[in-house]
Amino acid sequence: MTATKRPAPAGPGGRPSPDPEPIRVSFRRYAGVRTRVLEVGDPAPEPEAPRRSLRRRAAAPHVRPSAPRLVLLHGYCDSADTWRPALEQLAAAGIPAVAVDLPGFGDAQPLRPGPMLPQLDAFTTAVVREQAVLGSVVLAGNSLGGTMSLRAAQNDKLPISGVVSIAAPGFVDSWLIRTVARYPLPLRLYSSLPVPVPGFLVRKVAEQVVPRLLYADSGAADATQVQRFTALFPDYRATKSRLEQARQLVAELADAYRLDSVKLPLLVVACGKDKLVTAASGRQLHTLVPHSRLLVREDWGHCPQLDDPVEIAELLGYFAASAVRTTQAKRAVATAAEAVGEDTAAG
């Protein structure tokens, strides 16, 4: 994994600003994919330069930090920028967190041909392992990011203390996602048009549709956030490509989960005004993972980190602290039981 960090913004006179932006931006490589990372909180400490000495010193044992550290994953056709408002709140609260562009989205390199979820699994695993060196990782994801968080929780080899799944698809989806899966005649006709739809018309439609899909109240949509999404559909060809990719993803979701393997603390967030993944989907996920906690917010849409970043940041902070305590306590009990068993066997 390599990282290239941007310099701190300059203030008047070209000197570094005494109050840099709370969100640091860097480019790193995970599982062979170069991507952009947004980060808040204390950066990783720089390793000290080795000192020459004639005397040998006992190496100090490495103690892994145990404070919560959030890893935030975005949804389909989104990017790490969806978490910017929440990251600002987390920075103010002193909670370290990172958000990454998933492969194929934002500034990340594209996905390779073939199944999508295994590639995203490898990427998520690499991010988690890096961040686990710096603290106790709590993984939170929205939409497709919620799916990847759940799939990571299925892997008991990963150093994760808890998971937050927000509007993860694949349980009780809306008519829109079901329509994409069925690929009805209107979508087939659109994909096979002999004369492409003009780019300006595609963008106009996207500008009207995107706020209604993402926000609880389209009238309160942030223009900058909407522009990020509409930029993904600049013309007919790009829209057709995204539609085909979405069909593949929906098909893969049919066999995406092994929820009986999820033993970690899990918070399921369901949103009453979600037009893509219904609140019933979150309720079903909660039923399938009985030890999970369920939060239903009737006033949130598909991307609550955009609807209410203050509340989302507070929710993530509280759950992360609770999940880390719970997981550490369970691990301590398991370690003690194992030690007793070894003593008994030795005696």
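This is a predicted model: local features need pLDDT of at least 70, side-chain atom pairs count only at pLDDT 80 or more; totals for chains, interfaces and linings use all residues.
Me: How many helices and strands does the protein chain have, and what makes a run count as one?
Reply: The protein chain has 11 helices and 9 strands.

Me: Why is Thr 147 called buried?
Reply: Buried means under 20% relative accessible area, exposed means over 50%, and partly exposed lies in between (1.4 Å probe, protein chains only). Thr 147 has a relative accessible area of 0%, so it is buried. Its place is in helix 3.

Me: What does Thr 147 touch beyond its sequence neighbours?
Reply: Contact means heavy atoms within 4.5 Å. Leaving aside neighbours within four places in sequence, Thr 147 is in contact with Ala 168, Pro 169, Leu 253 and Tyr 257.

Me: Is Ser 143 buried or exposed?
Reply: Its relative accessibility is 10%, so Ser 143 counts as buried. Ser 143 sits in the loop between strand 6 and helix 3. Ser 143 also has a positive phi of about 60°, although it is not a glycine.

Me: Why is Ala 31 called partly exposed?
Reply: Its relative accessible area is 43%, so Ala 31 falls in the partly exposed class. Ala 31 lies in the loop between strand 2 (24–30) and strand 3. Ala 31 has a positive phi of about 50° and is not a glycine.

Me: What makes Gln 208 partly exposed?
Reply: Gln 208 has 48% relative accessibility, so it counts as partly exposed. Gln 208 lies in helix 6, residues 199–214. Gln 208 and Val 226 are 18 residues apart in sequence and 9.5 Å apart in space, C-alpha to C-alpha.

Me: How do you know that both faces of strand 6 are covered?
Reply: Ser 136, Val 138, Ala 140 and Asn 142 are buried on one side, and Val 137, Leu 139 and Gly 141 are buried on the other. That is 7 of the 7 residues of strand 6 (residues 136–142), so the strand is largely enclosed. In a regular strand the side chains alternate between the two faces of the sheet.

Me: Which strands pair with strand 6, and what makes them a pair?
Reply: Two strands pair if DSSP finds at least two bridges between them. Strand 4 and strand 6 have 6 bridges, in the parallel sense. In strand 6, Ser 136 is the bridge partner of Pro 68. Strand 6 and strand 7 (residues 160–166) also pair in the parallel sense, over 6 bridges. There, Leu 139 stands opposite Val 163.

Me: What makes the unit of strand 6, helix 3 and strand 7 right-handed?
Reply: With the strands pointing away from the viewer, a right-handed crossover runs clockwise from the first strand over the helix to the second. Strand 6, helix 3 and strand 7 make a right-handed β-α-β unit.

Me: Which strands pair with strand 5, and in what sense?
Reply: Strand 3 (residues 33–40) pairs with strand 5 in the antiparallel sense over 4 bridges. Val 37 stands opposite Val 100 there. Strand 4 (residues 68–73) and strand 5 pair in the parallel sense over 4 bridges. Leu 72 stands opposite Ala 99. The chain crosses from strand 4 through helix 1 (residues 84–93) to strand 5, and this β-α-β crossover is right-handed.

Me: Which way do the residues of strand 5 point?
Reply: Ala 97 and Ala 99 point one way, Val 98 and Val 100 the other, and all are buried.

Me: How much of the protein chain is buried?
Reply: Buried residues make up 45% of the 347 residues.

Notes
Residues are numbered from 1 along each chain as its sequence is written. Side-chain values use heavy atoms; hydrogens and water are left out. Helices (H or I, at least four residues) and strands (E, at least two) are DSSP runs, numbered from the N terminus.
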